[in-house]
Structure formats: structure tokens, C-alpha cells
Amino acid sequence: LTTGSPQFQSEALPTEKEKEKEEGLESRPATAQSTPTPPTQLSDTEDYAGLETTSLLQHGDTVLHFVPNITFGHPVVESLRKQLGQEPFFDMHMMVAKPEQWVKPMAVAGANQYTFHLEATDNPGALIKDIRENGMKVGLAIKPGTTVEQLAPWANQIDMALVMTVEPGFGGQKFMEDMMPKVNLNAKLYYTFPSLDIEVDGGVGPDTIHKCAEAGANMIVSGSAIMKSADPRSVINLLRNVCSEAAQKRCLDR
Ligand SMILES: O=C(CO)[C@H](O)[C@H](O)COP(=O)(O)O
């Protein structure tokens, strides 16, 4: 679940609620371990969110990811967990200014992984420790202007490295192909840390998935490409298959 804004706003739930009503709310489950999950339209009621999401989930769809720059609080997560059961893996992509303050509420609400932005904290080590102590996996995200060298010192302590392929905040932006060397560098970390997932987020769909998969991404966030498709399930399957094939090829090449 992505929550927050490109400016890493940390508050504004009431205001965002109002915006939510005005603009409608988009949610987009993404991927885990090469398994893209489906997006959905989310209304301003939590119950509807759960129902719509359920209708697109299938076995292996494990991550939920919500956009745009509207804050999804832990009550929404709690509601989804109740409605979807224990199986779906909830990765919380926290685009917020003070990621420290939401660790416990998100854990209690039923999050499985807490992904924060390296740019948003002065003390990644303490945050990682806190996330672990709250029983969640750790994801670390970097914006386009942040280097893999800045992320790498934390690679041995995290479960997932997220390379943003757009400036965070809005769906429907153009995929930044020049981020692929960063994905590839992250993928090389995999040889030292084989359980590290590499995620891409932004502008990923049938036209761009091959580049991501070849660069080494195994977790895919895809919004508009799925949402705007007449056949969301086929797009999801395509994304999944391209990632799986690339992963198999990497294994054979090793
Ligand atoms: O996190 C996001 C932006 O911050 C979006 O999830 C991301 O942009 C995916 O949307 P789209 O596939 O439409 O680009």
C-alpha cells in the first residue's frame, strides 16, 4: 500500500479524505517475487475497497499498492486485512515524511512488509530495527535521484530494494528507462544477498516490463497499465510471465 505524497507529507488525513472524494481513489496491487497483483478502483468506503480488491486477487497475488498522493491510513489496511484474510502479502510503500511514526500502527493493522524511503529518514538503521521488532519485513525505496551506492550499505539488513522508475507521487507517468542500470546494480546485490527482492515502480506495463525483468527486477508495481486495460488479468499474467522467464534465464546463465 503506497501512502503519502511526493513531498513526503506525513499528515493531512482529513484533507486527503476530502481530496479522495473529489478525485476518486485508485489502488493497485503490485507484485512479489515475480507475481504482479491486480489493481482496482477504490471508492471512499473501506468496504468497497476490499470487495473490489478481492475480485481481482488470485493465488500468488501477494502485494497491495495504493496510489496516488492520497494517504492511506492504517484503518484502511486493517479493513482490507479483515476482508481479504491472512494470505495476501501487504507491502506498505510509505511515501511519508516521518516513516518512523507509522511502524507500529501498520504492524497492528496487518502489514507484512514496511517499505520506507531512504530519503525520508536520518536513521535508517534504527528504523529497520523497529520494523523487524514489529514483526514485518523491510523494504527500502530510493527516488530517481538517489544512488544504489547510498542504498547498498543497508542491503544486508533489508528484504526488498525498490528503485522508483518515476518521481514518486502519481500514477501514469513516463517510465524512466535510465533507472535500469540502478536496477541492474541492485540485482547484482542479489548474488551476495540471494533473498533480496528488487522492485520497480512507475510506468511499468507490457511495453516496459521486459527492460525491468532483464535488468533483474522480480517485484513489479504496475498501475495504469493494468487499470486502463480492458483485460487486467491478462496484463497481470503477462507481467508475471515476463518476470518468471527472465528469472529462469538468469538461473540458467549462472
Ligand atoms: O507509486 C507510484 C507513484 O509514486 C505509482 O504506483 C506508480 O507510479 C505506478 O503507477 P503507474 O504504473 O501508473 O506509473
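## Helix 3 and the residue after it

Just after helix 3, Gly 85 adopts a positive phi of about 80 degrees, where helices (H or I, at least four residues) and strands (E, at least two) are DSSP runs numbered from the N terminus. Within helix 3, which covers residues 74–84, the buried residues are Val 76, Val 77, Ser 79, Leu 80, Arg 81 and Leu 84; buried means under 20% relative accessible area, with a 1.4 Å probe and protein chains only.

## Basis of the model

This is a predicted model, in which local features need pLDDT of at least 70 and side-chain atom pairs count only at pLDDT 80 or more, while totals for chains, interfaces and linings use all residues. Residues are numbered from 1 along each chain as its sequence is written, and side-chain values use heavy atoms, with hydrogens and water left out.

## The surroundings of Thr 121

Thr 121 sits in the loop between strand 7 (113–117) and helix 5 (124–133), and Thr 121 is buried, with a relative accessible area of 9%. Leaving aside residues up to four places away in sequence, Thr 121 touches Pro 99, Glu 100, Phe 116 and Leu 127, a contact being heavy atoms within 4.5 Å.

With the side chain of Glu 100, the side chain of Thr 121 makes a polar contact at 2.5 Å; such a contact is a pair of N or O atoms within 3.5 Å, and within protein one must be able to donate a hydrogen and the other to accept it, while residues adjacent in sequence count only if both atoms are side-chain atoms.

## The chain as a whole

The chain contains ten helices and eleven strands, and buried residues make up 55% of its 254 residues.

Terms used: Buried < 20%, exposed > 50% of the residue type's maximum accessible area, 1.4 Å probe, protein only.
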